[in-house]
Amino acid sequence: MTYTPFVWLFITSALVNGGLAYYTKRYEDVPSVKPFRFMMICATAWATLYGLGTVITDFSLKLFVLNLIYIPALLAGIAALVLALEYTGTGTAPTRRQRLWLLVSPLPFLAVAFTGRWHQLWRYNIELIHHGNSLTTIVAEKGVIYWFYIACIMGITLAAIAILITSFRYRTIYFRNTVILTIGLFIPIVVGTLYAFELTPISGFDWTASSFIWTGLLFIWAVLRSRLFDVTPLARNILIEQIEDLMVVLNREGLISDFNHAAQKALALSPATIGMSPKSLSEPWNGIFQEYAVIISSSEEEVRVGERTYELNITSIYDERKTWLGRIFLFRDISQRKQAQADERKQRILAEALRETSQALNSTLDDKGVLDAILRNVGRVVPTDSANIALLDEEGTLHYLYFYGYEKYMISTEELFKVQFSLASAPIFRQVYETGEPLIISDTNLHPDWIVLESGKWIQSYAVMPIRTKDKVIGFLNLDSAVRGMYTPEHLHNLRAFADQAAVAVENSRLFAALQMEVNERKQVEEKLRQLLRAVEQSPASIVITDITGTIEYVNPRFTEVTGYTAEEVVGQNPRILQSGKTPPETYEELWRAISSGGEWRGEFINRKKNGELYYESATVSSIIDGDGRVTHYLAVKEDITGLRRGEEKLRFQNDRLNALHKITFDLMKRYKVEDVLDAILLRAADLLESPFGLLDSIEGDMLVVKATTEMTHSLKGVRISMNDAQLSAKAIETRQPQVVQDYSAWQNRLQQHDAYQLRAVLNIPIMIDRSVVGVVALGRTQPDKPYTDEEIEVMKSFAQLAALAIDNALLFDTAQSQLAEKIRVEDELRKVNQTLLFQLEAIKVLQSELREQAIRDPLTGLYNRRYLDETLERELSRAARDPYPVSFVMIDIDHFKHINDTYGHHAGDTILQKLAALLLSQTRIGDIVCRYGGEEILVILPNVTPEIAYQITERWRISFMGSTLPLGLGNTRATVSCGIAVYPDHGSVGNELIVLADKAMYQAKSAGRNLVMIWQNALLE
C-alpha cells in the first residue's frame, strides 16, 4: 500500500454518509426511511472500497477491490428508485421476495467483471497508470456488458429523479424536501457520467464516490433543518389540496405533520407550523385538538368554531404493516346544513300550526273557535308570553275579545274585556291602521306613545300585526313579552299568515251572520259567496261543487294537489272517477239519501288518485239550497287523512294481535294435558297468522318429532325428521330466534317432502323454557303474495313465550297429577293415614309455589335469574319513565374468580358466590332486583336511586365484601369485586343497553386495577 492525499476524499465521504445512515435509524418506522438508509450505506461502502483501491499498489488486489464496487453502485441506484417511489407515494415498499431479487441483481455483472481476463465483454486491455502524489489508476477499454451496466445505473437513477421532478407540479409543503432529494441524487449521476465517458481531469480516477460528500451534506441539512423525515407525506395528493374540507394530519408524536390549503387558510398555518404541537394554534383550534388528542381509533364529532359548525372526522393512519402512523383531522363545514335544518324545522312548525288553524277555519264559521286556535298556535312559531286579538267596531272603537297566556300574570279575561281604545286615543293602533303595516316596539319603556295599563305593567316588548280584509284593517293581532327586544321582522313575517287566517275567520263569521239575516236577498248571497271564494281557493281542504246530477262544476287547488287531476280534467265529470272500489256501496247510498233530502252527510271514502295511488278522505257533503228551499248544488269539503288511517290500521292490527294473544293465553292456561296444549298452541298459531300449513316439533336428541299438526299436515303427525335435513328449524334452535323464508319453494335447503304443499312464506319459531329450546312451531302459507311481516314475526315471538309457559305449566301439571295419583293409591291402601295424605297434598301445593319460585331463582345463590330479569326489567323502566325517577344498574364481578376456582376448587368459588349473594340480599331493599346475571357476575337494579347514591351503596358493598374472610378449606383467603354503574335515563333508555354499559363500566374498573367502583363514562371508553 501507499499513501495518497486523495484517500481523504473517500474517508470523508464514508464518514458523512455512514454517519447519516446511523442517525436516520431513529426514523426507521417512517415510510421511505429504509431505502434512504440503504442508499447511504451503499454510498458508504462505495467510498470505502474506492478509497481502499487508491492506496493498494498490488495490481491484482487493486483490480479485485475495484470490481467489488459494482455491487454497492448498482444497489445505490436501486435504493434511490425505491426511495423516490415511496416518498412521492407513487409506489409501496417492495416485498421480501422483491427485496431478495434486488439484492442479487448485481451478481451477474460481478461474475462478468471477475472473468474479464477471458473475454472482452467487460473491461479489457487493462493498464496501470501512475500519477503524481503517489496516485495510481486503472484504465481499460469497455465492453458491451459494461456499457449495459452503466446504462442500468444511469437509467434507474434518472427514473428516480424523474419521479421526484414529476411531483414538483403539486407545489405542496413538501416541495423543498423533494427538491433537495432530487439535487442530492443528481450530483453523483452527473459525476458518474463524466467518469464513464472519460471526461474527468485525472485519467482512470472515479470522482463519483467522493461526490457523495456533497450529497450526504445536503441530506444532513435536509434531515436536521428541513425535517426531511419529520415531515413525511402521510396523506398527500392533489385531491386533498383542492377539497374545501379542512385537513390537518398529526404524526404519532401528536405533532402537526401535514395540512391542506383550506386548513392553511382557516387556521392561519404555514410551512413553519410543520413539526409543531397543536397547542401553538390560536383559540379555539388548539382547544379542539387537545380535547380529541386521546382519540386513536376513528371517531366522528361535531364542533363549533365561532359562527361556524364543523363535522369533525378523526381517522387513524396505518402503513401496509398495520403500524399506526398518526391521525387525520378532517373538518367539514356544515354550517349551512345546520341553518337549513333549523329553518326547515321552523317552517315545519309554522306549517303544522297553520294547518291546525286552517282545519278549524274550514270546520266552523264560528270565529271564536278559530281565533282561539290561532292564538294557541301563534306561540308555537313566535316566542310570546301572551297574545290577544282586538277588533274594531263600526265606530272605530277597539275591543279586546280573544286572549291567550294572561292567566299566569293573574289577569282575568273579564278585566281584559273592559279595556277599550278609540283610534284617536291610541297612536300606535292609529299608525298601524292608517299604514296597514305591522309594528315592533323593542322597549315599551322608551316608546313615547305606549299606554301603560295596570294589567300590562309587566310588558317590556310588543308586536302588532293588522288584521285586514278587503284592504281594510278590521283588528289587530297583538303579542306581549316580558323580555326587551324579543321580536324580529322574521316573527312579523310568520304572524302575517295567522293574521290573514284571522281575517278570513272574522270575515267568514260576519258573512255567515249577514247570510242568515239576508237569506232572501239572492244578490247579496251571491256576492258573499264570491267573497268566500278566495278563502276556498286557499283552503287546505279539498272542495268540490257539483250540480244536482253529480256533475262536477268546481274544484279548488287543494283538490288538484291531493288527487293529481287538474280542474280542466274533472269539470264536467262525475266524482266516481275517483272511486277505487274499496268504499262500501252502502256508503254512497247513505250519502245520497242524506243530501237528496237537503241534509248533510259526514263520512269517509277510500279513493284513487290519478297515478293509481289509494288515499283516504274525510268528507262533509251538504246541499246548497236556494231561497225557495230547492237543492241547487252539492258541496263536498274533504280532507286527506291517509296518514291517520294507516296509523290507525297499524294500531288496530296491533290491538287485534294483542287481543288474540290475550284470548290464547286464557285458552292455553285452561289446558293441563301436554297433548292438548301442543295441539292448541299449533292451531292458535296457525289461526293467528292465517297459515294453513303447521307443525309443532319436539326435540329428541338430534331428531325432530312432529307432535301436533293442522288439518293440512295431519298425515305428518309422529314423523321423525333429522336436524341435518330440517335446516330452517335447526337454525331457529341454534340461534333461538325466529327464522323466515319468504319463498320456500325456491329455497335450496328446503325439505323435499314438503314440495307437495307448494309452500311460499315459511316461518319457524323456537319454543324455549328456561332458555332451552324444547320445540319448534313451523308455519307456512301457500299464497305467493303474502309474506310474513315484521309485525307478525314480533307477535309470534310473544306467542312463543306464552306457548312455553303453557307447556311448562302442562308439564308441571302432569308431574303433579302423577304425584297425586300415587298418593291416592296410597290413600286407598292406607285409609288410616288420611291425615298424612292431606298434609302431602298441601305439600304439593307448596311445591307448585316453590317450582314457580325456583323458575325465577338461581339455585346456588338464591338470587333472581335472567328469566325474572327479562320479565321485570321493561316494567321497571316503564314505571321509571312514567313517574319519573332514575334507575341505577350495578354490575358486580368477583376479581380473579377463575384463579380461585383453579386453586381451591369450584366448591370454594360457590362459597364465595353465596357469601356475596347473602351480603347483597342483606343490604338491599325489597323493591331492589338482585340477579345472578351469569357466572360470577351479579346485576343489581336500584329503582329511584341517583348515580351518586348508587356509587355510595356499591362502595359500601365492595368494602363489606372485601372485609369478610372466606374459609376455603385450604386456608383463608380474601376476595374482591369490581363494580360498574349505568343509570337510566342519563346513560340510556333501553334496559339491555344499560346492562351493557354497566358491564363496560365494570371492565373499566378491572382495567384500572380491580377492586373498584366506576360509573359509566363515555370518554373513558373512547
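Author: Both faces of strand 27 are covered, with Glu937, Leu939, Ile941 and Pro943 buried on one side and Ile938, Val940 and Leu942 buried on the other; buried here means under 20% relative accessible area, as against over 50% for exposed and in between for partly exposed, with a 1.4 Å probe and protein chains only. The model is a predicted one, in which local features need pLDDT of at least 70 and side-chain atom pairs count only at pLDDT 80 or more, while totals for chains, interfaces and linings use all residues. Residues are numbered from 1 along each chain as its sequence is written, and side-chain values use heavy atoms, with hydrogens and water left out. The protein chain averages a pLDDT (the predictor's confidence in each residue, from 0 to 100) of 81, and 83% of the residues score at least 70.

Strand 27 covers residues 937-943, and because seven of its seven residues are buried, the rest of the structure largely encloses it. Strands are DSSP runs of E with at least two residues, numbered from the N terminus, and two of them pair if DSSP finds at least two bridges between them.

On these terms, strand 25 (residues 887-894) runs antiparallel to strand 27 and is joined to it by seven bridges, with Val887 standing opposite Pro943. Strand 26 (residues 929-934) also pairs with strand 27 in the antiparallel sense, over five bridges, and there Cys931 stands opposite Leu939. Strands 26 and 27 form a hairpin with two residues between them, and Gly935 in the turn has a positive phi of about 55 degrees.

Key: Helix = DSSP H or I, 4+ residues; strand = E, 2+ residues; numbered from the N terminus.
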